[in-house]
Amino acid sequence: MALGQQAQSGTGPAVRVYRGPVRGEYKVPGGKLVAVELEVAEDRLTRVSVSGDFFLEPDDALEVIDRALTGVSASAGTSELARQVSDGLERAEREGVVAGPVAMVGFDAWAVAVAVRRALGLATTWEDHTFEVLRPGPLPPRHLAALDQVLTEELAAGRRGPTLRFWEWDERAVFIGSFQSYRNEIDDDGVAEHDVTVVRRISGGGAMFMEAGNCVTFSLVVPGSLVDGMSFEQSYAFLDAWVLEALGELGVEAHFSGMNDVASPAGKIAGSAQKRLAGGAVLHHMTMAYDIDADKMMQVLRIGREKMSDKGTRSANKRVDPLRSQTGMSREDVVDAFATSFAARYRTKDSELRPEESERAEELVRSKFSAVEWIHRVP
C-alpha cells in the first residue's frame, strides 16, 4: 500500500500501513540540502536518519536530531517537528550530551521539519506537480482579478492543477490590495484624467499602476502542500526564487527586498502579493515594471507621493527600475523568456481557460469586482 493509506484489519479500527523507509528532501534557499529517511510504526516516526551537505558541529549533534524526531507523531505539523529538533538540541547542550555548543550552518530545525513532512507525503516539492501554463491574451482588468479567484477556487476544488498564468490587458488600471483604503491610495482626479479602471484584488499588498505594455505580471496558483509549514515571508522567497534566476539569465542583477519585493541596485523591480484559501490553495502573483510611466503613476496614486516624501526623493523614477532599460528586450520577449525559464525548471503543459471558468469570471466581474461595495469596501 502507498504511504499513509488506510487498511481495515478485521473488525478493528482502520490502521495506517506504511512502506518504508521513505525519503524527503528540502533545499534551503541560499543554503544547503537536508534529507531525511524514516519509517512509521503505529503512526510514530521510527528509524529516523537525517543527512545532507550542511555543516553541523559537534558531530554527535546529528544523532541528537535523529533521536529527537524518533517517536514523534507522524501527523505532527512543521512547527511541532521543528520544536522537537530545537528542544532536543538545547537539552543535549544543557545536559552535556554533546561535546560543546551546537552550530547549524546552511540549515535549521525548520528545514529538517519540512524534509520530514515531504518524506511523509504531507508536503510536496515543485517536482511533484505539473503546472498548467495559461496565456489567454488581453482581458479587461477586472476580469484578470476575477480569474485569480476562479482559478484558485478551481484548484482548491480539485478541478484544475497548479497553474501559471501570464496577464495581458489593453486598458490603464490600478489594482489595490484587498485591505487598502481607497481614499488613501487613489486620486480620483488622476483616475478620471487618465481613464483608469480601479480594481480591488482578493490578495493583500500594495497598489499597482498598470498600463498596457508597461508591466510583466503573472499569477501562480499552487496547492498549500507546496508551501507546507512556511510563513508568508518564507513562502514569498520560495515561490519567487525562480524569478530571480530568470532575471539573472536576462542579465538583471536582482535580490529580495523586504518580505515581498524584488529589487536591483538601481531600484525596485517587482512586488508580490498572496492569498491563501481555506480549501488549501494559494494564490501568488507578481508584477514587474517593464516601462512604467512613473509621473502618470504619481498622478493616480496618493500613496506613491507619501513614499517619495518619506524617502526624500522627488521622482518615482528613482525608485523604480524598469526591465526595458536593463534588458533592451521587448516586453513580449521578456514574457517569453520567463515562460521558458519556468518550463526549464519545472514540469509544465500548455493549457486554456475552460468555458465554465470564463463564465464564472464574467459573473464575478458583474457581481463583485465591478460593485461599488467591493471596490470601496475599505473606504
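Predicted model: local features only at pLDDT ≥ 70, side-chain atom pairs only at ≥ 80, totals over all residues.
Helix axes are taken here as lines fitted to C-alpha atoms over the stretch in contact, and the angle between two of them runs from 0 to 180 degrees between N-to-C directions.

The crossing by which helix 1 passes helix 2 is right-handed. On the side of helix 1, the residues that take part are A61, V64, I65, A68 and L69, and they meet L81, Q84, V85, G88, L89 and A92 of helix 2. Sorted by class, this contact comprises 9 nonpolar and 2 polar residues, with no charged residues.

Helix 2 (residues 78-94) also packs against helix 3 (residues 109-119), the two axes coming within 8 Å of each other and crossing at roughly 130°. Helix 2 and helix 3 are therefore oblique to each other, and helix 2 passes helix 3 in a crossing that is right-handed. The contact involves T78, L81, A82, V85 and S86 from helix 2, together with A109, W110, V112, A113, V114, V116 and R117 from helix 3. Its composition by class is 9 nonpolar, 2 polar and 1 charged residues.

Helix 3 itself is mostly covered, with 11 of its 11 residues buried; among them are W110, together with the charged residues R117 and R118. At the start of this helix, a side-chain oxygen of D108 reaches to within 3.3 Å of the backbone nitrogen of W110. Helix 3 is followed by G121, a residue whose phi is positive and lies near 80°.

Attention then turns to the loops. L139 is placed in the loop between strand 8 (130-134) and helix 4 (141-156). With a relative accessible area of 18%, L139 is buried, because the limit for that class is under 20%. When residues up to four places away in sequence are not counted, L139 touches L144, L147, E168 and W169. The C-alpha atoms of L139 and E171 are separated by 8.9 Å, although these two residues stand 32 residues apart along the chain.

The peptide bond from E57 to P58 is cis, with omega near -10°, and P58 is located in the loop between strand 6 (55-57) and helix 1. D43, a residue other than glycine, has a positive phi near 65°; it is found in the loop between strand 4 (33-41) and strand 5 (44-52), and its relative accessibility of 33% places D43 among partly exposed residues. A positive phi of about 55° is likewise found for D195, which is not a glycine. D195 lies in the loop between helix 6 (188-193) and strand 11 (197-200), where, at 62% relative accessibility, D195 counts as exposed.

How values were computed
Residues numbered from 1 in each chain as written. Heavy atoms only, no water. Helix = DSSP H or I, 4+ residues; strand = E, 2+ residues; numbered from the N terminus. Parallel < 35°, antiparallel > 145°, perpendicular 65-115°, else oblique. Left-handed = near helix turned anticlockwise from the far one by under 90°. Contact = heavy atoms within 4.5 Å. Buried < 20%, exposed > 50% of the residue type's maximum accessible area, 1.4 Å probe, protein only. Polar contact = N/O pair within 3.5 Å; in protein donor to acceptor, adjacent residues only side chain to side chain.
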